[in-house]
Amino acid sequence: MTALAFLKIAVYFLLVLVVTKPLGLYMRRVFSGERTFLDPVLLPVERALYRLGGVDPKKEQDWRAYASSMLVFSVLGILGVTAIERLQHLLPLNPDRLPAVPPALAWNTAVSFVTNTNWQAYAGEATMSHLTQMAALAVQNFLSAATGIAIAVAVIRGIARTESRTIGSFWVDLTRATLWVLLPLSLLAAVVLTSQGVVQSFSPSAKVTTLDGATQTVPLGPVASQEAIKELGTNGGGFFNANSSHPYENPTPATDLLEMLLIFAIPAGLTYTLGSMTGKTRHGWAVFWAMGLLFLVGAGAAAWAETHGNPIHHAAGVDPSAGNMEGKEVRFGAGDTALFATVTTAASCGAVNGMHDSFTPLGGLVPLVNIQLGEVVFGGVGAGLYGAFVFIVLSVFIAGLMVGRTPEYLGKKIEGGEVKLAMLSVLVLTFCILVGTAAAVTTKAGLSSLSNAGPHGLSQALYAFTSAAGNNGSALAGLNANTDFYNVLLACAMFFGRFLMIVPILAMAGALAAKKKLADSAGTFPVDGPIFTLLLAGVIVVVGALTYFPVLSLGPVVEQLLMAAGRTF
Amino acid sequence: MKDHVLVSIRLLVVFTLLLGFAYPAAVWAVGRVAFRSAAGGSFVTHDGKVVGSELLGQAVASPGLFRPRPSAAGAGYDATASGGSNLGPTSKALAERVAAEVARARAENPGARGPVPADAVTASGSGLDPHVSPEFALWQVSRVSRESGIPAAELEALVAKRTEGRFLGLFGEPRVNVLLLNLDVLSRRPSEGGGEPPPR
């Protein structure tokens, strides 16, 4: 069982490896304005979009204009989504006549989808009309993902350019990411998902009479179109409360594999785009393997823990051979669910095909750590690469300290300013997670939402703030997050976790773009071999471990020991 | 800044039309033409009546039919309230529930041998799991045989017929669709009345 799970991980990783280069190369062509095979169809659409939007595609922006365009676009997106949620009872495509979404929840959800988090304090089938799902939430699934890709591409340009004031146009990058990358792949994936049983319907809920003669009400909706972009854009917000464990979102092992591949495709591809656009493909691969290494360790640990199951239940007479099946679907089993959990949290996706709250403590530790490392193990679309960029800067800085030279990265001097900005974006995440968790476990409003006692309760609060600040969106879902306390605080964590990361990173990109390029010398620390791969992985782990080890040891670590001892709470 | 606001509003509107309406409508149209049943919910009919979706589990009380897993969706298999128990590994409530399910499974299936299959006593993530493991299905055969009058060997053959394997021989786990299996059972009843509801 465990060996089989390891084999699944290996084959899945191999498939990711196969799509990395072609997709990365394609994205380089898209963002360098080179020709692609989709141009005949998409160029006219692109021109029409610029005309309707009032965009001059030739006008490039410096990092400040790039950042402010992105911020304005995102804030207006939040307002737009909130408006549709609040007015859904008056709008069409609401066949089950759902009422308006309450204010705090509407705001939380709008921030959640615009920041690419997709934290959900609601049950989709009982809260959101078809119109809200497709015209508000799914649209932001595209646009928040396209924003992430745009930022990553701007960062790559900052590295690649020499003595340049500009880093590209946000509007052009946003549009091209949507039209050339996200839309065609989503369309393709949605059709495949539909063929397997993922629903795409505008009908109201169906009422069926079961074999027992009881009535079962079955909500339907435009699920497949949302499911595809939800995975591809590493958004993760389910149409249904049960997310990708719901058979209408993820009906077969084949759709499960497809959804996992969609999650990693763009983040992995972007590592190749980084190498290709900077002219150092070997550097791109070095980054890929640092991520791959951390992924394989995490997936292996989660699979081991979940396939070994829960000794407390085995003692009650349960057959241990299937592993821990609480919160998991039979069609996926313990192995595929552990793999999905690792993928969805390594990337900033947050879709789940099983309930993380019921994972074994060690199995649940892996997703938690993945997010706390900054979701740089491939990471969110774009967000993974620009997050990794922060750690790359820190790695070359540390390497520079060790050899006693000014650190350089691909010919650019890394100076005090860049390192300070890098640390700022690391600290934002830390601050939101640890201070938020502390607020939750020291106040009545925070504690009253926990559904588990003992160390698992701490894990629930920690996971919520980790997921929100990291823009992941998965949850230990027993936590009752639909309270004013959590709706407001988590929305703040999501907002800061997204935009207070992006702005310093764009400032770094702007600073790098303006610099002169130095020729490599004997003293240059190479960023393209196994030594750099190990250094980068090491820096990511050390920063994460130093920050979160104390709180992790009070949560999942102590719970794993207590579970082995048979303690319950 | 005013420029950014105007461009943002105009692009948000245009993108909403493209991504929020045209895209889902296109997927719907393809599904309607090419995969009508799958896109519509994979509903199954029996004797001309829709009895459920092939993809969604449903509660089964009749002892002459195969039972699904425990469900945490609403009062059980409530498709308007999908979800899991979300009880943690050291939860006392979960340990007690599992122990109670073990006792219930043993009492209901006195002829069954060996430890209780894990899926028989655990709730799924969706609460709507349409499958059970082949082990759990076989575990129930002697009870279903006694209650329905169908020979055990015939039921075992039905379970084998309904067992789906792993994708590419690797991904997912072997499983049996409970609704489809139960429809097979109903059509084999010795009384052969067709589709009258099973005795409660």
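This is a predicted model: local features need pLDDT of at least 70, side-chain atom pairs count only at pLDDT 80 or more; totals for chains, interfaces and linings use all residues.
The radius of gyration is taken over C-alpha atoms, and the globule rule sets it at 2.2 Å times the number of residues to the power 0.38.

Figure 1. Residues are numbered from 1 along each chain as its sequence is written, and chains are lettered from A and ligands numbered from 1 in the order in which they are written. Chain B has a radius of gyration of 22 Å, whereas a compact globule of 200 residues would have one near 16 Å. Its C-alpha atoms fill a box of roughly 75 × 45 × 35 Å along the principal axes. Chain B holds 8 helices and 5 strands. Helices (H or I, at least four residues) and strands (E, at least two) are DSSP runs, numbered from the N terminus. From that end, the elements of chain B run α-α-β-β-α-α-β-α-α-α-β-β-α.

**Figure 2. The two domains of chain B.** Domain 1 of chain B covers 1-40, and domain 2 covers 41-188. Their bounds come from an automatic or database domain assignment. The centres of the two domains, taken over C-alpha atoms, are 39 Å apart.

**Figure 3. The open sheet of chain B.** Three strands of chain B line up in the order β3-β5-β4, with antiparallel pairing. Strands β3 and β4 (163-164) of chain B are at the edges with a single partner strand each, so one side of each has no neighbour in the sheet. Two strands pair if DSSP finds at least two bridges between them. Here β3(B) and β5(B) (residues 175-177) pair over 2 bridges. B:Val132 has B:Val176 in β5(B) as its bridge partner. Helix α8 (residues 178-188) of chain B packs on the sheet and touches β3 and β5 of chain B. The direction of α8 makes about 60° with that of β5(B).

**Figure 4. Where chain B meets chain A.** In this view, 91 residues of chain B are in contact with 103 residues of chain A. Contact means that the C-beta atoms of two residues, placed from the backbone, lie within 7 Å. On the chain B side, α1 (2-34), α2 (36-40), β2 (49-53), α3 (92-108), α4 (118-121) and β3 (131-132) each supply at least two residues. The largest share, 22 residues, comes from α1(B). By class, this side of chain B has 53 nonpolar, 30 polar and 8 charged residues. Ala, Val, Leu, Ile, Met, Phe, Trp, Tyr, Cys and Pro count as nonpolar, Asp, Glu, Lys and Arg as charged, and the others, Gly among them, as polar.

**Figure 5. A helix pair in chain A.** The axes of α10 (residues 281-308) and α12 (residues 333-346) of chain A come within 8 Å and cross at roughly 145°. Axes are lines fitted to C-alpha atoms, for helices over the stretch in contact, and angles run from 0 to 180 degrees between N-to-C directions. Among the residues that meet are A:Phe295 and A:Gly298 in α10(A), and A:Ala334 and A:Leu339 in α12(A). The contact has 9 nonpolar, 5 polar and 1 charged residues.

**Figure 6. A hairpin in chain A.** Strands β1 (residues 206-209) and β2 (residues 215-218) of chain A run antiparallel, joined by 4 bridges. A:Lys207 has A:Thr217 in β2(A) as its bridge partner. The hairpin leaves 5 residues between β1(A) and β2(A). In the turn, A:Gly213 has a positive phi of about 85°.
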